[in-house]
Amino acid sequence: MSEHALDISLTVNGERVAERVEPRQTLVDFLREELALTGSHVGCEHGVCGACTVRVNGEIVRGCLMLAVQCDGATVETIEGLSDSGELAGLQAAFAERNALQCGYCTPGMIVAAQDLLKRGGVPSRDEIRAHLSGNYCRCTGYHAIVDAVEAVAKQRAGKQ
Ligand code: FES
Ligand code: FES
């Protein structure tokens, strides 16, 4: 640890965490390497692919574009916490049922981003789903089944299916 390391404290998936971190460590690296929360993936490390999507203070962010020190005092939620709380159960089941994943590398980020859209309520159009997920790249599925899954859950939650 360098002389520039800083103490941070934050809430991650409902638990208080206090750690000393290097100023240059990204949030996703912090989650994966210091907290062993490896559900958030690292693809491009440049804010392009969305594999590292997590929630900070209720908003989705790219974990590779935020530094851990910027999360001092913040509330961070990862795929692990959101999954354990049951918030993602419908999306997880819909992805599995419709084969909306192959290698699964994009899936945690995709589901966290999809839930961000669905928690606004209503049934988004397929174009709106595609637009919302446009920052989450999938090299396997061709996206069709992903949009199907998200649309199905939106309809289910709205009582239209
Ligand atoms: S790893 Fe963060 S956007 Fe690709
Ligand atoms: S399932 Fe492989 S990248 Fe999306």
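Which helix lies across E3 and E4, and at about what angle to E3 does this helix run? A few friendly notes on this predicted model follow.

1. The helix is H4 (residues 107–118), which lies across E3 and E4 and runs at about 45 degrees to E3. Helices (H or I, at least four residues) and strands (E, at least two) are DSSP runs, numbered from the N terminus. Contact means heavy atoms within 4.5 Å. Axes are lines fitted to C-alpha atoms, for helices over the stretch in contact, with angles from 0 to 180 degrees between N-to-C directions.

2. The five strands make an open sheet with mixed pairing, in the order E2-E1-E5-E3-E4. Its edges are E2 (15–21) and E4 (59–62), each pairing on one side only. Pairing here requires at least two DSSP bridges between two strands.

3. E3 (residues 53–56) pairs with E5 (residues 75–77) in the antiparallel sense over two bridges, and Arg55 stands opposite Glu77 in E5. E3 and E4 also run antiparallel, joined by four bridges; Val56 has Glu59 in E4 as its bridge partner. Two residues separate E3 and E4 in their hairpin, and Asn57 in the turn has a positive phi of about 50 degrees.

4. The axes of H4 and H6 (residues 144–157) come within 11 Å and cross at roughly 35 degrees. Residues making this contact include Met110 and Leu118 of H4, and Ile146 and Val150 of H6.

5. Residues are numbered from 1 along each chain as its sequence is written, and chains are lettered from A and ligands numbered from 1 in the order written. Local features need pLDDT of at least 70, side-chain atom pairs count only at pLDDT 80 or more, totals for chains, interfaces and linings use all residues, and side-chain values use heavy atoms, leaving out hydrogens and water.
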